[in-house]
Amino acid sequence: MYRANLIPNPLEPSIQQSVSEGRLSMATIAMDSSSSLLYPPPGVPKKLHAENREKLLKHLRADLDSSSRPLSGFVLLQGGEEQTRYCTDHEDLFRQESYFAYLFGVREPGFYGAIDVNTGKSILFAPRLPSEYAVWMGEIKPLSHFKETYMVDIMYYTDEITEVLNNKYQGPGKPLLFLLHGLNTDSKNFSKPAAFEGIEKFETDLKTLHPILTECRVSKSKLELSVIQYANDISSEAHIEVMRKVKPEMKEYQLESIFLHHTYFYGSCRHCSYTCICATGDNSSVLHYGHAAAPNDRTLLDGDMALLDMGAEFHFYSSDITCSFPVNGKFTSNQRLIYNAVLDAHDDVISTMKPGVNWVDMHKLAEKTILQSLKKGSLLVGDVDEMMVERLGSVFMPHGLGHLMGLDTHDPGGYLKGAERPKEPGLKSLRTSRDLMEGMVITVEPGCYFIDALLVPAMESPKTSKFFNHEAITKFRGFGGVRIESDLYVTWDGCVNMTKVPRKIEDVEAVMGGAPWPVKKSVYENGGS
């Protein structure tokens, strides 16, 4: 396999050190022949979240200063709580709330975190655990453990929040709390502001914090990029492992299992960024396949296309990668046509991306490239610009081109205050309408699908029927779809692809046939077979 080196990676320890010091020996005994060059997973510097707190404090103080408000009060966030399965005592695997993870990096439930706006000091409040916790759950760690682990200035218990914040407040009147409350434009859900016994003794501000903290998350630091790069590295490696092992007659869930095993066994990725989409055949035209009613359980048939949308999460940070390929390892002419249409769109967008470029324009570029390819392949006829006016691209790509990514697969901040979501077909599904800016991480995921629920009405509509070669396109009913998705971060003059999987047809077929990746010297250069 490979180790991506495009982003300077300060995560420690290095793989080379681990090998030379013999720390791989015991684990190697348990590894199968696939192995991984990314094992063991790197450590994450404690200062990542301290830097995030400093970033928030800088922008919050600037906002307060610009509106002539005093630089006092506390940012206060409540961490996530453990959830049980309905009315049972079965606890689902806990994952920290993302805004809290961004600022404090705390893995455990039940914490609160505060930042003193005046002094910049960070305060973490841990739950006071009962003595029986040690019997059932393990050691009750002292406050000093959390202070060192999460690199905060001060530690207290959660039942001391009211007393501590009142004692540390230096201004007149009641202490002011900046609480997190605002709309997530993807989910339409609101962030939950912190609540605790005694909050009535404080003044609260529910408007200031959310837009500032959300915008802080949009632009990634070097340390954040390094963590996201590792999530991409191990996920890319796992996708390649699936490519090598996939065969007709397997089940879709076996492909999911291979991916999850690789990212967890070698990458320590206990969480997935989202529910895996392992779609084959006509299932690959179901955009969010893999849910409980469509649980990745179809048998793979010789001649199927597979669309595998899977990404591991590492230290809270996401990856989001989609690979499409024939399950038998060889593309047919029809599969080549659709795959290359999507790959051209993917590559056209990436080659155009840079700060200042508008994302709606990038979506339209992807649509136009796909329509041009379908016309060249004789599935469509007529003027492509007219097709664009009639929004024909949304028939083949009803979802948005991509989304911001970070601590969440669909990271917040896609729509600035006052920005309206486009209303046209396809464009209304965009998760952001922003201009690109340096430091953003965003997915590029064009697709081309043959979805009867969209295709049939378009073929019958007086406005769009004329664009179809009805005989030719009917042969693609039941084809499914192709999506190619990579994670990009925007640089000062362009972008860098963080995803490291084979994309060209010849490389996909070679890797599926057992060739190394990356290919050191392609046998397909200069027209080779």
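Axes here are lines fitted to C-alpha atoms, for helices over the stretch in contact, and angles run from 0 to 180 degrees between N-to-C directions, while helices are DSSP runs of H or I with at least four residues, numbered from the N terminus. This is a predicted model, in which local features need pLDDT of at least 70 and side-chain atom pairs count only at pLDDT 80 or more, whereas totals for chains, interfaces and linings use all residues. Residues are numbered from 1 along each chain as its sequence is written, and side-chain values use heavy atoms, with hydrogens and water left out.

Show the side chains in contact (heavy atoms within 4.5 Å): among them are Leu337, Ile338 and Ala341 of helix 11, and Trp359, Met362 and Leu365 of helix 12. The residues of this contact divide into 11 nonpolar, 3 polar and 2 charged, where Ala, Val, Leu, Ile, Met, Phe, Trp, Tyr, Cys and Pro count as nonpolar, Asp, Glu, Lys and Arg as charged, and the others, Gly among them, as polar.

Next, select helix 9 (residues 222–245) and helix 10 (residues 252–265), whose axes come within 9 Å and cross at roughly 140 degrees. Helix 9 passes helix 10 in a right-handed crossing, and the contact holds 6 nonpolar, 4 polar and 3 charged residues.

Move on to helix 8 (residues 209–218), where 8 of the 10 residues are buried, so this helix is largely enclosed by the rest of the structure; buried means under 20% relative accessible area with a 1.4 Å probe, protein chains only. Its buried residues pack against helix 3, strand 1 (74–78), helix 4 (98–104), strand 5 (176–179) and strand 10 (441–444), strands being DSSP runs of E with at least two residues.

Finish on helix 3 (residues 47–66), whose buried residues include His49, Asn52 and Arg53, and which is followed by Ser68 with a positive phi near 55 degrees.

How values were computed. Buried < 20%, exposed > 50% of the residue type's maximum accessible area, 1.4 Å probe, protein only. Left-handed = near helix turned anticlockwise from the far one by under 90°.
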